[in-house]
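Keep the viewer open as you read.

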Amino acid sequence: MKFHTLRSGVAVIVAMFATACSTATLRGTGDLGIVIERASGSVQVVETSTRARLARIEGLGDLSHASAVFSRDARYAYVFGRDGGLTQIDLLEARIVRRIVQAGNAIGGAISQDGRLIAVSNYQPGGVKVFDAMTLEPVADIPAVYGRDGKRSKVVGLVDAPGQRFVFSLYDAGAIWIADLRDRKQPVITKYNDIGKQPYDGTVSPDGRYYIAGLFGEDGLALLDLWRPELGVKRVLQGYGRGEAPLPVYKMPHLDYWAEAGGMAYVPAVGRHEVLAIDTRSWKEHARIAVAGQPVFVVARPDGRQLWVNFALPHNDTVQVIDVASGQIVQTLKPGKAVLHMEFTPRGENLWLSVRDDDRVEVYDTENFSKLASLPAEKPSGIFLTPRAHRIGQ
Amino acid sequence: MKHSRGGQSAPPFTGGLMSRVSGLINWTLLVGLAALCWPSTGMADISPDRERALRHLLVQDCGSCHGMTLQGGLGPALTRTALAGKPAIMLREVILHGRPGTPMPPWNTFMSEAEADWLVQLLLNGASP
């Protein structure tokens with residue numbers, strides 16, 4: 001239902017709508033989002049303008065590693081569950097529109113450039129499945145088969161890229177694949193092998209040009225220029241550990257949204273208490289910033305002035321803020337036990353974060369770091385706000 | 001220079017021994033050795049608080065790789081069926097010392113040997129989150 005149709009003043013429709021979502025007031029979705037409640041298979045619909053919870057939706061299955069993308073009209077969220085569940089949620093009516101279980105074990109997904117396709121990356125069976133965004137009918141199945149004996153790899157780091165492409169990494173195969181779905185009936189797959197050991201996640205630059213896969217099995221990152229895919233994947237920041245043995249990793253780092261500021265891309269160092277700054281022109285290491293623990297997420301405020309970092313066990317009670325201009329840590333927060341995810345409001349004046357073990361979502365002022373709100377949530381993990389609908393790679 | 005991540009100290013069964021002896025012989029050897037040095041005291045006393053903390057760790061933190069319902073993720077499934085036939089001592093060693101070459105880290109700074117044994121029994125009996 002498109003909202004402008006309501007303007008025709010058809011009383012019946014207005015009445016139906018009022019019943020369905022308990023308010024007859026027309027509203028947009030630009031300040032809405034969802035909070036994943038990982039242990040109860042539910043999501044909250046939240047509003048950033050009033051810092052309020054609007055609704056809770058249940059029945060989404062195992063959300064222990066859930067993420068979400070938004071339709072381009074920013075009305076619907078597509079939630080990817082651990083159990084292979086793909087659930088389309090209507091933010092305005094606060095209900096499940098469609099739900100399928102498309103695999104045994106999944107890790108995340110992406111929405112295509114034109115908003116018509118949803119791709120899901122699966123661990124079991126390893127591969128990518130593509131669905132029609134409106135109907136969730138299957139469109140394409142891309143098994144991540146590698147090697148001579150036809151094994152299937154777990155797929156990670158799935159993102160959308162311009163040209164109706166999806167880019168993803170094969171954890172077990174050490175490969176990056178591009179799936180071109182301009183012809184949705186016949187996806188064209190380009191494969192890059194030997195990109196590095198155990199890619200654990202991937203992200204694409206905000207302009208859709210560069211795809212980076214973080215490597216768990218070695219010190220380095222794999223870089224693919226999507227403007228020049230024929231040049232292949234090159235290794236960057238090789239040996240950033242300088243020969244020192246890495247620390248054990250109690251939570252995998254994530255490359256959620258490309259953190260770029262001042263011509264530098266910032267990524268978590270694996271097994272080290274460092275954030276790495278990469279010069280995005282030379283792709284050489286520019287700096288490394290010592291932080292309180294092993295970074296999980298490094299997220300840039302939309303204006304690029306600050307980086308917010310959370311950490312793996314045993315430092316997962318801490319969040320640090322790096323001032324990009326000075327390269328210094330300007331704030332260390334202790335929001336509570338198990339800070340799992342952070343998300344900025346559209347223009348970055350606030351940051352929302354989830355504190356899993358304290359069953360809270362908190363909102364911080366990013367200028368003075370004061371806590372503005374604390375909202376109850378059951379074992380909250382991912383926080384996803386609708387501005388993602390209009391960003392490449394989200 | 002490449003490093004395997006996830007463990008500083010290698011458990012005996014993934015070290016050089018594994019490369020020289022076939023898997024089967026190695027397992028037999030291992031279980032034999034295990035029988036010799038396995039504590040016969042059964043479960044040590046673990047307070048209800050610690051049990052709760054360990055269950056929480058299992059579901060929430062182990063769960064980030066193995067799935068909150070332990071059906072697997074980046075790491076393998078830890079359900080009763082998936083673990084059937086795996087020697088308890090091997091599981092304990094993996095929990096305490098990790099598996100080099102994989103993301104499985106050593107958890108010995110988070111729990112004692114007795115607590116690892118308790119977790120292993122919980123898993124082998126089918127932990128319900």
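A residue counts as exposed when its relative accessible area is over 50%, and as buried when that area is under 20%. With that cut-off, A:Ala325 is exposed because its relative accessible area is 64%. Please keep in mind that this is a predicted model. The mean pLDDT of chain A is 93, and 94% of its residues reach 70 or more. One stretch to treat with care is residues 9-15 of chain A, where pLDDT stays under 50 and the model has two contacts beyond four places in sequence.

**Two loop residues**

A:Ala325 belongs to the loop between strand 28 (319-323) and strand 29 (328-333) of chain A. Its C-alpha atom is separated by 14 Å from that of A:Arg288, and the two residues are 37 apart along the chain.

Is A:Leu181 buried or exposed? At 1% relative accessibility, A:Leu181 counts as buried. This residue is also in a loop, the one between strand 16 (175-180) and strand 17 (188-192) of chain A. Leaving out residues up to four places away in sequence, A:Leu181 touches A:Leu117, A:Val130, A:Ala140, A:Gln164, A:Phe166 and A:Pro187.

Strand 8 of chain A pairs with strand 9 (residues 117-124) of chain A over six bridges, and A:Ile111 has A:Ile118 in strand 9 as its bridge partner.

Further along chain A, strand 26 (residues 295-300) is mostly covered, with six of its six residues buried. Strand 26 of chain A pairs with strand 27 (residues 306-311) of chain A in the antiparallel sense over four bridges. A:Ala300 has A:Leu307 in strand 27 as its bridge partner. The hairpin of these two strands has five residues between them, and there A:Gly304 takes a positive phi near 75 degrees.

**A covered helix in chain B**

Helix 5 (residues 88-97) of chain B is largely enclosed by the rest of the structure, because nine of its 10 residues are buried. Among the buried residues are B:Met90, B:Leu91 and B:Arg92. After helix 5 of chain B comes B:Gly98, with a positive phi near 75 degrees.

**Aromatic rings**

Over all chains, the structure holds eight aromatic pairs. Two of them are listed here.

| Ring pair | Centre distance | Plane angle | Type |
|---|---|---|---|
| A:Tyr250 and B:Phe110 | 4.7 Å | 65 degrees | edge-to-face |
| A:Trp258 and A:Trp283 | 6.2 Å | 80 degrees | edge-to-face |

A:Tyr250 lies in the loop between strand 21 (233-236) and strand 22 (259-261) of chain A, and B:Phe110 in the loop between helix 5 and helix 6 (113-124) of chain B, so this pair joins two chains. A:Tyr250 counts as buried at 10% relative accessibility.

The pair of A:Trp258 and A:Trp283 ties together parts that are 25 residues apart in sequence. A:Trp258 counts as buried at 6% relative accessibility, and A:Trp283 does so at 5%.

Key:
Residues are numbered from 1 along each chain as its sequence is written. Chains are lettered from A and ligands numbered from 1 in the order in which they are written. This is a predicted model: local features need pLDDT of at least 70, side-chain atom pairs count only at pLDDT 80 or more; totals for chains, interfaces and linings use all residues. Side-chain values use heavy atoms; hydrogens and water are left out. Buried means under 20% relative accessible area, exposed over 50%, partly exposed in between (1.4 Å probe, protein chains only). Two strands pair if DSSP finds at least two bridges between them. Contact means heavy atoms within 4.5 Å. pLDDT is the predictor's confidence in each residue, from 0 to 100. Rings of Phe, Tyr and Trp (its six-membered ring) pair if their centres lie within 6.5 Å; planes under 30 degrees apart count as stacked, over 60 as edge-to-face and the rest as tilted.
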